[in-house]
Amino acid sequence: MATHAGHVPHRSASPPKVGGAADRKATRTFRSRRVLPALVAALLLTAAGAAAATQVISTLIGRPVRIADQGRLTTWAATHGWDHWQTLAIAGGLMLLGALLLWAGLLPGRSKLVPLHGEDRDLLVGVARRDLANAAADAAESLLGVGKAGAHVKGRRILLTVRGAGGPALAERVRDAAQRRIDEMAPVPPRTVSVRVKE
Amino acid sequence: MDRRASRLNHVGLTLFGLALVAAGGLALLRGLGAWGRSRATEPVLTDTVRRYAAEHAWFWPVVAGVAVVLALLGLYWLLAQLRSHRLHGNLTMEPDADEGETRLSSKAVAEALESDVAAFPGVQGAKARLMGPRRHPRVQLNVSYDRGADTMALRDDIRDRAIPRLRAALGVDQVPAVVRLHLVRGGEPAEERRTVR
């Protein structure tokens, strides 16, 4: 079964048809929620708003709370120009922080879970990215002549490194076995296994 | 899991990021002389601004109001991260007739589902959580599953055996389920294969 026809990525006989409504829903469900950057931003907004409100309102009602030294702040702002390095540094810092938040908000974010193909919108199954790689490594290690195998998922590829003597023929066998296992699990989007053999 | 919080984070981060980039960028441009040398050397806080604030009674109250609104927005955003939609306590079933209602502990339902799923081949452990809203409950399942076992078979078992029983117990037509698989070592087949080598 294992032919040695060059390095064409192996595909099992009937690759699962992925990309239906259920798969799209699963992809959305398992996508990262950006909780960490959102927590940081929300904390910043709350803290800054609360500090400013407390300072201004307490001063307005004649009982100033000293969160920041208002006198020193005012003096600083009145004596430093827009072209002073401190002003420029603060402006640059704000812009950098904004760019980071914007980046976190716009990029889709990397999820730890990979959805598995299904037809039912009410039953979504996901597997940890790491476990998907381990499944490929396990399939490789189950073969005769293969020592230790390690794998990781990179984009739409699963990079598999195995120890064993056997050259291209072994690589082909390992790829067949690992790809068959991955196709059984049917990750969305489909992943292609690449194999590197270390003697 | 909760897509509403996810959308809120996307919009919130984008808007907050844009506001900071705009404020920092404009200040930077002004300092670097984009609007002329004299405007760049002007102090950040000019007498004109101070006089304006002093002459208009509404100025500081408006600043305070804006600060309060920002703080409340931040608080709402924070709470949205922490909110869980997990169902606790008893689920009140929709009464079929006028004679009373049935109550069901959500914990008991989750545990029944866990033992159903744990009995499927290859499953090493299962943890279930019922999520709201109460009238349209959802379920979140964490399953430890043999690395070598068939994930499609597990999906079929959950769909054809576990979910129908859950639906019957809850008395609803649909219970959307999200399953997180953790593939673990163990189980006979993997051991057998290893000894061949």
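A:Arg34 sits in the loop between helix 1 and helix 2 of chain A. Helices here are DSSP runs of H or I with at least four residues, strands are E runs of at least two, and both are numbered from the N terminus. The phi of A:Arg34 is positive, about 60°, although A:Arg34 is not a glycine. Most residues other than glycine have a negative phi, and most peptide bonds are trans. A:Arg34 counts as buried because its relative accessibility is 11%. Buried means under 20% relative accessible area, exposed means over 50%, and partly exposed lies in between (1.4 Å probe, protein chains only).

This is a predicted model, in which local features need pLDDT of at least 70 and side-chain atom pairs count only at pLDDT 80 or more, while totals for chains, interfaces and linings use all residues. Residues are numbered from 1 along each chain as its sequence is written, chains are lettered from A and ligands numbered from 1 in the order in which they are written, and side-chain values use heavy atoms, with hydrogens and water left out.

Chain A has six helices and five strands. Along the sequence they follow the pattern α-α-α-α-β-β-α-β-β-α-β. Of its 199 residues, 41% count as buried. Contact means heavy atoms within 4.5 Å. Among the contacts in chain A between residues at least 6 apart in sequence, 62% join residues at least 24 apart.

Chain B has seven helices and five strands. Its pattern reads α-α-α-α-β-β-α-β-β-α-β-α. Buried residues make up 37% of the 197 residues in chain B. Of the chain B contacts between residues at least 6 apart in sequence, 56% join residues at least 24 apart.

Return to chain A and the loop between helix 6 (167–185) and strand 5 (192–198), where A:Pro189 lies. A cis peptide bond joins A:Val188 and A:Pro189, with omega about -10°. A:Ala186 is found in the loop between helix 6 and strand 5 too. Its phi is near 55°, a positive value in a residue other than glycine. A:Ala186 counts as buried because its relative accessibility is 1%.

A:Val18 touches A:Pro187, A:Val188 and A:Pro190, along with A:Asp23 and A:His117, not counting residues up to four places away in sequence. A:Val18 lies in the segment before helix 1 (21–30) of chain A. A:Val18 and A:Pro187 are 169 residues apart in sequence, but 8.5 Å apart in space, C-alpha to C-alpha. A:Val18 is partly exposed, with a relative accessible area of 29%.

Next, the largest pocket. A pocket is found on a 1 Å grid over the protein atoms alone, as an open set of points with protein on both sides within 12 Å along at least five of seven lines; lining residues have an atom within 4 Å of a point. The largest pocket holds about 1800 Å³ of space. Its volume is the space filled by probe spheres set on the points, which are joined across faces, edges and corners. The lining has 43 residues, and A:Ala52, A:Leu73, B:Val44, B:Trp60 and B:Val63 lie nearest the centre. Elements that give two or more residues are helix 2 (35–60), helix 3 (70–79) and helix 4 of chain A, together with helix 1, helix 3 (47–55) and helix 4 of chain B. Helix 2 of chain A gives the most, with 10 residues. By class, the lining has 32 nonpolar, eight polar and three charged residues. Ala, Val, Leu, Ile, Met, Phe, Trp, Tyr, Cys and Pro count as nonpolar, Asp, Glu, Lys and Arg as charged, and the others, Gly among them, as polar.

Two chain A residues show contacts to chain B. A:Leu44 is found in helix 2 of chain A. It is in contact with A:Leu97 and B:Phe16, leaving aside neighbours within four places in sequence. A:Leu44 is partly exposed, at 37% relative accessible area. A:Thr87 is in helix 4 (residues 85–106) of chain A. It touches B:Val44 as well as A:Trp76, A:His80, A:Gly81 and A:Trp82, not counting residues up to four places away in sequence. A:Thr87 counts as buried, at 8% relative accessibility.

Terms used: 1 Å grid on protein atoms, 1.4 Å probe; cavity = no way out; pocket = protein on both sides within 12 Å on 5 of 7 lines; lining within 4 Å.
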